[in-house]
Amino acid sequence: MKFFIDIGRNTLNTVRGVGGASIMLFQALVGKPQPRKMFPLLLRQLYVVGVQSMLIILISGLFIGMVLGLQGYTILVDFGAEQALGPMVALSLLRELGPVVTALLFAGRAGSALTAEIGLMRATEQLSSLEMMAVDPLRRVVAPRFWAGLISMPLLAFMFSAIGIYGGFIVGVQWLGVDDGAFWSVMQASVEWRHDVMNGFIKSVVFAIVVTWIALYKGYTAEPTSPGISAATTQTVVYSSLAVLGLDFVLTALMFG
Amino acid sequence: MDNLVTVEDVYFKRGDTSIYEGVSLQVPRGKVTAIMGPSGCGKTTLLRLIGGQLKPQSGSIKFADYEINKLGRNQLFNVRKRMSMLFQSGALFSDMTVFDNIAFPLREHTDLPANIIATVVKMKLQAVGLRGAGNLFPSELSGGMARRAALARSIALDPELIMYDEPFAGQDPISMGVLVKLIRSLNSTLGLTSIVVSHDIHEVMSIADHVCIMANKTIVAQGSPEQLKQEGNPLVHQFMYGEPDGPVPFHYAANGYNADLLGGGKP
């Protein structure tokens, strides 16, 4: 009996959470646009959320590309197909690893920071005091961070893929001796703009929405105590990682299945 | 008497815990109204209800001509431009200087040019004695200074009502004296109406025109400080004179002491 009660309660809580998160996002984004006030806030958040995440994204991308080059070469060379290394590296990065690993790193680097920052603003009554000053914290605090996440994650995913391909090039061509011309020309012939690049882009936009949304909602509704904020930060990373991996399967099935 | 805020028969629950059962009180315009009561009786909650951050389950809360608990989101934000609140922590924005903190509501709600905003900010800072501290960040201020800076921010838009949440909590005697003087003098010079939530009886009694005592989920007495000192209610008496035992018991509810000690030492 208790089992059924738990199922019911968890379902209700989940539905309530999704509903609350949707209302939060709606109230944050829908309303009279105020470009003069919003733009400086957005720029600042783009710097914090996007530019400051660049280093970890670039370094991870380089290493993942190098590993792909190495692993791909050892498999392909057995079949005499090492010219296919270019497309293999490029396609795995553009279609999968670029958007997915960027989203996971972004959740750990920027998402957790967003949650902790907003949770602390709630704990120190800064959000309440904004409300009492007749400034809507959803428009002022949540909205710019959401747009910043949405804009920066696809760009970061492209940087990840680009530097990853370069990493594959370093290992495959310069170290293991795959033919330079073959590496690039086979890649150019087999990567399609719409099918590969655009689908990767759509994936990273979806992940950007999900990760930023979870991070903002968890921060905004965090219990204003130290254990509450630490739990919210953990939940942000766990939930967004799971959501990214689950959604990635769904999107891959729809796009390439 | 003309009342700026009227709270009528408010019932409020947080989760399953009932906080208020039929609270009614009046805040006369232009006066300092103190709300006192034992800690944990929900004094801060009352301020949040008046500010519209919480909604009561039943009853009505009126500010000027508006029924706060019935307003929509946009109307509520409009009404809030006429009131302000000094939070217990000060709630200064930690990423801005004191100057920018005080300029913040002006920049948000007015189209004044920068030099006029600077003038207004300096006047507000002068009023709380912090004109020299405009360039400091909140982390560089002492607790008392942070609260004064927050006070300057809350009067930036010249509100009609200002609500102080425990303004004296954790202050040394000097800054307490400064705050007492500021609350009283701002109220008279700016023609404000003030609500002070506190349990520092002597400080509050010295500046309040009207006092409400809250206990047992309702208002047990209200009136002028002199009236309350004469009040026959034993609970009010206990509170006003700080007696350790009385209607509010010293001991948290427990089984009989003897039975508990002889009962085998279970925790």
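Helices here are DSSP runs of H or I, at least four residues long, numbered from the N terminus. By that rule, Arg145(A) lies in helix α6 of chain A. The model is predicted.

Chain A has nine helices and zero strands. Its pattern along the sequence is α-α-α-α-α-α-α-α-α. The C-alpha trace spans about 70 × 55 × 30 Å along its principal axes. Of the 257 residues of chain A, 46% count as buried.

Start with helix α1 of chain A, residues 2-29. This helix has 28 residues. From first C-alpha to last it reaches 40 Å, close to the 40 Å expected at 1.5 Å a residue. Gly17(A), Ala21(A), Met24(A), Leu25(A) and Ala28(A) are buried in α1(A). An α-helix has 3.6 residues a turn, so residues three or four places apart point the same way. The cover over the buried residues of α1(A) includes α6 (137-175) and α8 (193-220) of chain A. After α1(A) comes Gly31(A), with a positive phi near 155°. Lys2(A), Asp6(A) and Arg9(A) are linked in a network of salt bridges.

Now turn to α6(A). Phe160(A) has its place in this helix. Is Phe160(A) buried or exposed? Its relative accessible area is 0%, so Phe160(A) is buried. Beyond its neighbours up to four places away in sequence, Phe160(A) touches Ile57(A), Ser60(A), Gly61(A), Ile64(A), Leu93(A), Leu97(A), Gly98(A), Val101(A), Thr102(A) and Leu105(A). Take Val101(A) from that list. Phe160(A) and Val101(A) are 59 residues apart in sequence, and their C-alpha atoms are 8.7 Å apart in space.

Arg145(A) counts as buried because its relative accessibility is 7%, under the 20% limit. Leaving aside neighbours within four places in sequence, Arg145(A) is in contact with Gln45(A), Leu114(A), Glu117(A), Ile118(A), Thr212(A) and Leu216(A).

Ser129(A) leads across to chain B. This residue is found in helix α5 of chain A, residues 126-132. Which residues is Ser129(A) in contact with, leaving aside its neighbours within four places in sequence? They are Phe87(B), Ala91(B), Phe93(B) and Arg153(B). Ser129(A) is buried, with a relative accessible area of 3%.

How many residues of chain B are in contact with chain A? There are 25, and they meet 17 residues of chain A. The area buried between the two chains is about 1,900 Å², and carbon and sulfur atoms give 54% of this. In chain B, Arg73(B), Phe77(B) and Glu108(B) lose the most area to chain A. Together they make up 27% of what that side buries.

Polar contacts also join the chains. The count is 11 residue pairs, both at pLDDT 80 or more. On the chain B side, α2 (73-80), β6 (83-86) and α3 (98-109) each supply at least two residues. Helix α3(B) gives the most, with five. By class, this side has 11 nonpolar, six polar and eight charged residues.

In one, the side chains of Glu108(B) and Lys37(A) meet at 3.9 Å, N to O. This pair runs from helix α3 of chain B to helix α2 of chain A. Glu108(B) counts as buried at 15% relative accessibility, whereas Lys37(A) is partly exposed at 27%. Asp111(B) and Arg36(A) also meet in a salt bridge, at 4.0 Å, N to O.

Over all chains, the whole structure holds 17 salt bridges. Some lie within chain B. Glu160(B) pairs with Arg82(B), the closest N and O atoms being 2.6 Å apart. Glu160(B) lies in the loop between α5 and β7 (161-165) and Arg82(B) in the loop between α2 and β6, so the pair ties together parts 78 residues apart in sequence.

Technical notes
Residues numbered from 1 in each chain as written. Chains lettered and ligands numbered in written order. Heavy atoms only, no water. Contact = heavy atoms within 4.5 Å. Buried area = accessible area lost by both parts, 1.4 Å probe. Polar contact = N/O pair within 3.5 Å; in protein donor to acceptor, adjacent residues only side chain to side chain. Nonpolar A, V, L, I, M, F, W, Y, C, P; charged D, E, K, R; others polar. Expected span 1.5 Å × (residues − 1). Buried < 20%, exposed > 50% of the residue type's maximum accessible area, 1.4 Å probe, protein only.
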